[in-house]
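Here is a protein model with a ligand for you to look through. Please take a moment with the sequence and the structure before reading on.

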Amino acid sequence: MDKERVNLPLNEIPASWYNVLADLPKPLPPPLHPGTGQPLTPGDLAPIFPMALIEQEMSGERWIPIPQEVRELYKIWRPTPLVRAVRLEKALKTSCRIYFKNESVSPAGSHKLNTALAQAYFNKKEGVRRLSTETGAGQWGSAMAFACQLFGLGCTIYMVKSSYHQKPYRRSLMHIWGAEVFASPSERTNAGRGILAADPDTPGSLGIAISEAVEDAATHGDTKYTLGSVLNHVLLHQSVIGLETKRQLEMIGETPDVLIGCVGGGSNFGGFSMPFLAEKLANPKLRLVAVEPSACPSLTKGLYAYDFGDTAKLTPLVKMYTLGHTFVPEGIHAGGLRYHGTAPIIAHLAKLGIIEAKAYTQNAVFEGALQFARTEGFIPAPETAHAIRAAIDEARKDDGKCIVFNYSGHGHFDMSAYDAHLAGDLEDYEHPEEKIAEALQHLPKVG
Ligand SMILES: *Cc1c(COP(=O)(O)O)cnc(C)c1O
């Protein structure tokens, strides 16, 4: 068996998603209603999500079958390869083995399509006509646009204003796949108009764009909302990554010592690492490492507390590591990692000490990205490069470990960020302690 690139046949696309809620050592603190502070009921979510996804969000079933239609569409690019980074290993002169799971081969260029397709499918089945969503760097927006295109759904995307102007070609992708795209904050919603009135030059944030997309769905009967990360059902759909990885490692007789992923909301890291939770609980030496930017350090500097998922306080309260729902991070190029919170599942496991977290500044991240691109050839998304940087630092310990990281997406639409790094123009933002402290004063008083 060739160990340098492990491919699975089409019929080994997983038949079920893995739901880690069934195996958590302690139950997850429940989401709360933003008005009453009481635990959320399925009916509370019905205005913005279809019933099937609400059931998945709250399900305790370990395995949830993947509908045949979704599995067929996964065949467009799944199963994805597991690749050994032999040239990077050589450059590092390391005795460690480094593998990456290449999720960049999807049409949209990232892991996000794994859940976008599933979400579009379940909405379509319940008669929804249009989906609204937000996007930061544009990766989620483009995945959702393609998914809506496949299922004949309308798609309205609120794109964080700084990215809307910084990443015009991601906007092009969304337009090609038939979506309408608005810079957020926009004049289309109460939330957007309110923020523009207070600060006309705001660069926007994911928290603000979420407020706009949720309001759009809540005020239109034929429209539902989709979220590209954070929620339990999103991590559930992303479990195909880890399930395939596990099978691929088994095929070549490898046992991982360290599993690494970058964390924005936590969906690619969760989908990649959660299928290994049983192994982790049985073998505490297995390490699950979450990597985030120093400019938006929710896991490493945030507070574990109930908070809103958005700026306008429309979403339920979830217990997570948060920098505060009013936190607006610096305009770093890893736009997909600029979220004030984290998936409750990831936060819970970090709190329990089952996963560990690490933060890097931009230039360190881009140095890792260049070393990877110059050895392995693939040019990573700035988000993905956080995981690469951490994998390189692990390999430098030269202790013969098996390191596996999730290659969440490619960086073909991030050339201006690479140019800025090569020109020496990238700034390293350390965690802005006062800004975090300020934002944390606005946490809701519950829990
Ligand atoms: C969106 C995105 C991320 C961050 O989101 P998670 O939900 O934490 O996975 C990371 N990498 C890429 C390529 C992305 O598109």
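This report looks at the ligand site and then at some backbone details.

## A predicted model

Please keep in mind that this is a predicted model. The distances and angles below are computed from its atoms.

## The ligand and its polar contacts

Let us begin with the ligand. Around the ligand there are 18 residues, and K112, S229, G264, S267 and S408 are the closest. Sorted by class, this shell is made up of 13 polar, three nonpolar and two charged residues.

In the side chain of S229, an N or O atom is 2.5 Å from an oxygen atom of the ligand. The side chain of S267 also takes part, with a polar atom 2.7 Å from a ligand oxygen. G266 contributes through its backbone instead: an N or O atom there lies 2.8 Å from an oxygen atom of the ligand. As for cover, the ligand on its own has 380 Å² of accessible area, and the protein covers 98% of this.

## Where the ligand sits

R78 and P79, however, are joined by a cis peptide bond, with omega at about -10°. To find P79, look in the loop that runs between helix 3 (68-74) and strand 4 (82-84).

Another cis bond links S184 to P185, and here omega is about 10°. P185 has its place in the loop between strand 8 (180-184) and helix 9 (190-198).

## Lysines with positive phi

Most residues other than glycine have a negative phi. K93 has a positive phi, near 50°. This lysine belongs to the loop between helix 4 (86-92) and strand 5 (97-102). Is K93 buried or exposed? K93 counts as exposed because its relative accessibility is 71%, and the cut-off for exposed is over 50%.

K313 has a positive phi too, near 60°. You will find K313 in the loop between strand 12 (303-308) and strand 13 (317-322). With a relative accessibility of 46%, K313 counts as partly exposed.

Note on methods: Residues numbered from 1 in each chain as written. Predicted model: local features only at pLDDT ≥ 70, side-chain atom pairs only at ≥ 80, totals over all residues. Heavy atoms only, no water. Near = heavy atom within 4 Å. Polar contact = N/O pair within 3.5 Å; in protein donor to acceptor, adjacent residues only side chain to side chain. Areas by Shrake-Rupley, 256 points an atom, 1.4 Å probe, with all protein chains shown as cover. Nonpolar A, V, L, I, M, F, W, Y, C, P; charged D, E, K, R; others polar. Helix = DSSP H or I, 4+ residues; strand = E, 2+ residues; numbered from the N terminus. Buried < 20%, exposed > 50% of the residue type's maximum accessible area, 1.4 Å probe, protein only.
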